[in-house]
Amino acid sequence: LIHCCEFDWSKISPAIFGSIFQGIMDKNRRRKVGAHYTSIENIEKLLKPLFLDGLWAEFEQKQGDKQALDAFHQKLAGLKFFDPACGCGNFLMIAYQRLRELEFELLKILHGAVLPGKGRQKMLDLSMYVRVSVEQFYGIEIEDFPCEIAKVGLWLIDHLMNREASLFFAVPFNRLPLTQNPTIVHGNAMRIDWESVVPKEECSYILSNPPYVGKQYQSKEQKDDVALTLRDIPGYGVLDYVACWYFTAAQYVQGTEIRVGFVSTNSVTQGEQVAVLWRELFAKNVKINFGYTMFKWWNEGKYKAAVHCVIIGFSLKESDPKHIFEEQDGKIKARRVKNINPYLIDGPSVLITSRSKPLCDVPEIVFGSMPNDGGHLLFSNEEKREFLKLEPEAKRWIQPFVGAIEFINGISRWCLWLVDISPGELRNLTEVRKRLQAVKRHRLASRRETTRELAKMPYLFGEIRQPKGKYILIPRVSSERRTYIPIGFVSPKTIAGDATLIIPNAKPYHFGILTSIVHMAWMRRVCGRLEIDYRYSARTVYNNFPWPEVMEKRKAKIEALAQNILDVRAEYPESSLAELYDPLTMPPELLNAHQTLDRAVLKLYGFSPEAPESKIVAGLMELYGKLTQRVFQTPG
């Protein structure tokens, strides 16, 4: 305590309390409520385009007109900021600090800074001039202790800024006793009428980092919140908890010019959730004004969420200009754009819906076969050897088995594939029958009726989709580090598991388009994620992909370039696909083969060889809109 008292706390931002609180919070509780402290850097990514840049630009324009500056000062004092998931108040604290810094610069102009040698300035009663206060800040927080931290943090920011003004103007200034209070409400933001906290006619900005809780991790109370808030949205069951804040904010801002900015998981801009959520937001006339494309979450806290985030600013009023911000080579680059769609692309506002069949005339894609066996039909190399010592006659019924992990990493696995076995043969395989008994017990123990029904045929995989001929295999989950998802052709004798997607009847041409940078760009923007890894989807990614119209001559060229990739891979029989496609170890010959194919596919679509990924995706979405005639027009 003595060391704490001796420390100069004036150099420390009160926002550090958020980091401290996150560090001492129970890990399970933190995950349950989605409590993840937001760094000052990430907060400012939101604050600047939401209101700070605009206010500073307005201040610069009015600097020569004291009357206009005084009116601007009144405007600053009238702004109200609302965080409906405020946690320890970091967004509110930093917003208040930046607003006071702007007011400070304004006061310097209105009341004069002392230049060296010019003597002392007139004595000011700063309480008559400092108009921005903590009373302009509102929040809702479900945990009681963070509510108190938020209030104390705002008062500390107020004290630090008052101290800075006192030092500059050489007059004492504080606001003690504390008569001005921020409004921080303890409660569930999905059960509280936001207008009871701050009437929407008075609110200027909503800024927040709503909870990160995926649908599979929601507590019963959170599931009830989702059902209560989103029940009128068709298909709302796929939405993450954060969607509640987007939808409630869109309802709250109706009839106003309130601008909203949320830091949230990238789920609202990728995968099946996009169409479900944004169809409703567009129906409420929401326009996206700015967006930060996906970036890795980080903060100064002890524990960090293993997620990718986006930042989205929206309102009912069109913004001019609109900006998309992207991190490239460690730097943030801003692009002025005409339109921002829900995938944070400068392109038409399309909504890519779940589709059961391919949009274009290409082979259908299906899941691999699902064992649903409790592991009793599967073998590692060692397990296979030991099993065949006991049951050598079973050798003809053991086939190679491959899932996503096995395919990418070159791991050998095997399975009992008894599709064509006769009852007589099966009767004589004692060890096989023991395994089938274990499969039967596993299935009978299931809560799902369909799984218990499968116990009647324990010798078969739960779902069988194995092709008769050669097929393309796509891992359903793969690392986000790779430029290209490792995909390839597989023999029909290798049984593909349900961790993969397979395309029977596919040709080298299809492989060429699917392994190209064009398809990979599409995949990265519309696929879902498993934590930070790509989660390739049949219904969203493959079935909605707009294939090019191509003449046979050009198709033959793509096939030849695709075969070249396969040939180069074959030169490295000891290397796994994980090693071949690791950005640090990818052989130059393989990279060159891919880049040659990429240029050819880009040309098919009419894209420049140097086109950035954002341009490729924008072009694909425009083509998708034409093929489906689903370019979404917001009301009005």
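The buried residues of helix 5 are Ala-68, Leu-69, Phe-72, His-73 and Leu-76, where buried means under 20% relative accessible area, exposed over 50% and partly exposed in between (1.4 Å probe, protein chains only). These residues cover an arc of only 145° around the axis, which places them on the same side of helix 5; the arc is that of the directions from the helix axis to the C-beta atoms. The model is a predicted one, in which local features need pLDDT of at least 70 and side-chain atom pairs count only at pLDDT 80 or more, while totals for chains, interfaces and linings use all residues. Residues are numbered from 1 along each chain as its sequence is written, and side-chain values use heavy atoms, with hydrogens and water left out.

Helix 5 spans residues 66-78 and has 13 residues. Helices (H or I, at least four residues) are DSSP runs numbered from the N terminus. From its first C-alpha to its last, helix 5 reaches 18 Å, close to the 18 Å expected at 1.5 Å a residue; the expected span is 1.5 Å times one less than the number of residues. The cover over the buried residues of helix 5 includes helix 4 (40-61) and helix 6 (90-111). At the start of helix 5, a side-chain oxygen of Asp-65 comes to within 3.1 Å of the backbone nitrogen of Gln-67.

Side chains of opposite charge can pair when their charged atoms come close. With a salt bridge defined as a side-chain nitrogen of Lys or Arg within 4 Å of a carboxyl oxygen of Asp or Glu, the count comes to 30. One of these joins Lys-151 to Glu-148, with the closest N and O atoms 3.8 Å apart. Lys-151 and Glu-148 are three residues apart in helix 7 (residues 144-169), so about one helical turn separates them. Lys-151 is partly exposed at 21% relative accessible area, and Glu-148 is partly exposed at 41%.

A salt bridge also forms between Arg-524 and Glu-613, whose closest N and O atoms are 3.1 Å apart. Arg-524 lies in helix 18 (residues 517-526) and Glu-613 in helix 23 (residues 613-628), so the pair ties together parts that are 89 residues apart in sequence. Arg-524 counts as buried at 12% relative accessibility, whereas Glu-613 is partly exposed at 27%.

Lys-357 and Glu-364 meet through their side chains in a salt bridge of 3.1 Å, N to O. Lys-357 is partly exposed at 46%, as is Glu-364 at 39%. Finally, a network of salt bridges links Glu-44, Arg-98 and Glu-101.

Note on methods. Helices (H or I, at least four residues) and strands (E, at least two) are DSSP runs, numbered from the N terminus. Contact means heavy atoms within 4.5 Å. A polar contact is a pair of N or O atoms within 3.5 Å; within protein, one must be able to donate a hydrogen and the other to accept it, and residues adjacent in sequence count only if both atoms are side-chain atoms.
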